Amino acid sequence: MPALTHHDSSRHDAGRHDTYDHLISLLDSASVDYRLIDHEPEGATEAVCALRGHPASEAAKCIVLRVKVDRRTTRHVLAVVPGDRRVDLDAVRALFAARYVGFSDPETAERLARAVPGRVLPFSFDADLELVADPDVVTRPKLYFNAARLDRSLLVSGADYERLAKPRIERIAAPAPV
């Protein structure tokens, strides 16, 4: 049973897509056990982990990537890795047999993820955004991420996340630079 079932829509930013309400509806309809955590507005992984009081390894870091498979084919991938790691662009390039992999431009990322950077969920609600998660994300007993808002986060199990989001599971995380 969710810890909080009342959702004050006046407190979050209105936009073209109400990603937060979509996410909560999805969790509720699937009877997923989750907890909402209110905190000071923050989008940087390390800082929001400190606010929520957990190690970065329990956070989902979400990055929208542009994958150029060939001269005419570009795909967009939402890469989800543990918060204490980085996306291994070479692993993503090999995974898609691509010529180039880089970070998506902010406008495209916002349109496809239906959220601005710092608020990107580890879920894809757009058919043009392929979701790929590192296995170390879905095996976490506790998985924290911003709930499409900078002032509210979610806690779910990695297993529930995998069941609901249905990501492609591939090894795409590399150690963070020291």
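User: Happy to dig in! Is histidine 76 buried or exposed?
Analyst: This is a predicted model, where local features need pLDDT of at least 70, side-chain atom pairs count only at pLDDT 80 or more, and totals for chains, interfaces and linings use all residues. Residues are numbered from 1 along each chain as its sequence is written, and side-chain values use heavy atoms, leaving out hydrogens and water. Buried means under 20% relative accessible area, exposed over 50%, and partly exposed in between (1.4 Å probe, protein chains only). With a relative accessible area of 17%, histidine 76 is therefore buried.

User: Thanks! Which residues is histidine 76 in contact with, leaving aside neighbours within four places in sequence?
Analyst: Histidine 76 lies in strand 3; strands (E, at least two residues) and helices (H or I, at least four) are DSSP runs numbered from the N terminus. Contact means heavy atoms within 4.5 Å. By that rule, the partners of histidine 76 are Leu65, Arg66, Ser104, Thr108, Leu112, Asp128, Leu129 and Glu130.

User: How many bridges join strand 2 to strand 3?
Analyst: Two strands pair if DSSP finds at least two bridges between them. Strand 2 (residues 60-68) and strand 3 (residues 74-82) run antiparallel, and a hairpin of five residues joins them. One of their bridges links alanine 60 to proline 82. The number of bridges is nine.

User: And which residue in strand 5 is the bridge partner of arginine 66?
Analyst: Strand 2 also pairs with strand 5 (residues 100-103), in the antiparallel sense, over four bridges. In strand 5, the partner of arginine 66 is glycine 102.

User: Which residues touch the most other members of the largest nonpolar core?
Analyst: A nonpolar core is a set of buried Ala, Val, Leu, Ile, Met, Phe, Trp, Tyr and Cys residues joined through side-chain atoms within 4.5 Å. The largest one holds 33 residues, and its largest share, four residues, comes from helix 1. The residues asked for are Leu27, Val80, Phe123, Phe145, Leu154, Val156 and Tyr161.
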